[in-house]
Amino acid sequence: MSALRVGVVGVGWAGQQHLKGYAALPGVDIVALAGMETDRVADLQKEYGIAATFDRWEDMLDAVELDAVSIATPTFLHAPIAIAALERGLHVLTEKPIAAGLADARAMVEQARVSGRVLQVVFNHRLRGDISELGRIIESGELGTPYIAKAGWLRRARIPGSSWFAQKAQAGGGPLLDLGVHVIDYVLHLLGEPEVATVSASTYAELGAQAIEGFDVEDIAIAFIRLTNGATVTVEASWDAYRADNNEYWMTVYGTKGGAELRVIDYETTQFTVFRTKDGENADYQATPSENGGHDRVVREFVETIGRGAAEWAKHDGSLGLKRAEIIDACYRSAESGHEVALS
Ligand SMILES: NC(=O)c1ccc[n+]([C@@H]2O[C@H](COP(=O)([O-])OP(=O)(O)OC[C@H]3O[C@@H](n4cnc5c(N)ncnc54)[C@H](O)[C@@H]3O)[C@@H](O)[C@H]2O)c1
């Protein structure tokens, strides 16, 4: 069988994770790379033995025969690149969030269906060892039926370095979209993909607007999400707030038979407690995260999906990424209007 010919667009942190992921796989050739940082592109071309490089993604798609494309660019470019690639019959792995806006996200999924190709959005945080283990615990029934989940990803004074992140036209939103999309993804994944009924959210840009001229996204967001099964989820996401100066992921679950609390500070799991009773006695215990997965696994699963053929491709049309986009869009509409928003 001939090798899968892959092109990668974007050479920032995310693009480099995709390159590493493909390079580790047999039967995959990274044949093209596009990015605007000439020196970094040249270094990566050498490191990975890539035949062709380009400044712009359009030139890469025009010049090289590809089977699949990875997109790791500023978010507003996900849709035009994905749609152009899908129209050419290529499979697409795009970074999160799926797109800068809901209309773009819908157009991408529509094109994936019309072209009959894979459109997959990178959700690597659901593959973290702590999240995987919490998923196993919930799945085992140990916590009974979860009815409240509270989760967040909080940072202080860490507005991302690349300036496009702070521009709504290029990023689509602030930390709710950048970090919150991962949190919303793994919470709903752990709860078994329930449907969202309504959202109520607030966003603020107090610190970002002081620090950066033209900052027009939020620097912190908080959302209250009601699920159609009666459960409730809250999500907080910040790039900046007067809080501990660290990078913190946390999640709390309350279920009918038990609960769990997870805290990961600066990438170290500092708390992972399961709360329960046995024979009427407190039987709480500390859980241990399983092995971490990340971009390497996302990229491997994308390549495996392509290898499985058209019946499988139809199941990977980007609709999971679109569902997350619908929730976040509703959160922004709620924050703007000051009212709860129903998802139809
Ligand atoms: N899944 C994750 O954990 C994760 C982490 C970081 C970023 N991301 C996502 O990855 C994407 C990129 O983020 P980043 O931090 O790597 O950004 P970045 O700003 O560091 O890199 C963006 C890259 O896109 C390239 N680019 C821009 N316009 C282009 C064009 N016209 N043609 C070709 N290349 C072009 C730039 O040259 C640059 O190499 C974003 O969507 C972000 O949300 C995901």
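Author: Contact here means heavy atoms within 4.5 Å. The model is predicted, with local features requiring pLDDT of at least 70 and side-chain atom pairs counted only at pLDDT 80 or more, while totals for chains, interfaces and linings use all residues. Residues are numbered from 1 along each chain as its sequence is written, and side-chain values use heavy atoms, with hydrogens and water left out.

Reader: Which residues does Thr 252 touch, not counting residues up to four places away in sequence?
Author: Thr 252 is part of strand 11 (residues 247–255); strands are DSSP runs of E with at least two residues, helices are runs of H or I with at least four, and both are numbered from the N terminus. The relative accessible area of Thr 252 is 6%, so the residue is buried; buried means under 20%, exposed over 50% and partly exposed in between, with a 1.4 Å probe and protein chains only. With residues up to four places away set aside, Thr 252 touches Ile 148, Ala 149, Lys 150, Ala 260 and Glu 261.

Reader: How many helices and strands are there in the protein?
Author: The protein has 13 helices and 16 strands. Its radius of gyration is 20 Å, close to the 20 Å that the globule rule gives for 344 residues, so the protein is as compact as a globular protein of that length. The radius is taken over C-alpha atoms, and the rule is 2.2 Å times the number of residues to the power 0.38. The count asked for is 13 helices and 16 strands.

Reader: What percentage of the contacts between residues at least 6 apart in sequence join residues at least 24 apart?
Author: Buried residues account for 54% of the 344 residues. The C-alpha trace spans about 65 × 50 × 40 Å along its principal axes. Among contacts between residues at least 6 apart in sequence, the share that joins residues at least 24 apart is 68%.

Reader: How many residues does the contact take from domain 1 and from domain 2?
Author: By an automatic or database domain assignment, the protein is divided into domain 1 (4–124 + 295–317) and domain 2 (128–293). The C-alpha centres of domain 1 and domain 2 lie 27 Å apart. From domain 1 the contact takes eleven residues, and from domain 2 twelve residues.

Reader: What covers the buried residues of helix 4?
Author: Eight of the ten residues of helix 4 (residues 78–87) are buried, so this helix is largely enclosed by the rest of the structure. The buried residues are His 78, Ala 79, Ile 81, Ala 82, Ile 83, Ala 84, Ala 85 and Leu 86. After helix 4 comes Gly 89, with a positive phi near 85°. The cover includes strand 1 (4–9), helix 3 (57–63), strand 4 (68–71), strand 5 (91–94) and helix 5 (102–115).

Reader: Which residue just after helix 9 takes a positive phi?
Author: Helix 9 (residues 180–190) is mostly covered, with ten of its eleven residues buried. Among them are Val 181, Ile 184, Tyr 186 and Leu 190. The residue just after helix 9 with a positive phi, about 85°, is Gly 192.

Reader: With which residues is Asp 104 in contact, leaving aside its neighbours within four places in sequence?
Author: Asp 104 is in helix 5 and is partly exposed, with a relative accessible area of 31%. Its C-alpha atom is separated by 13 Å from that of Ala 171, 67 residues apart along the chain. Leaving aside neighbours within four places in sequence, Asp 104 is in contact with Ala 79 and Ala 99.
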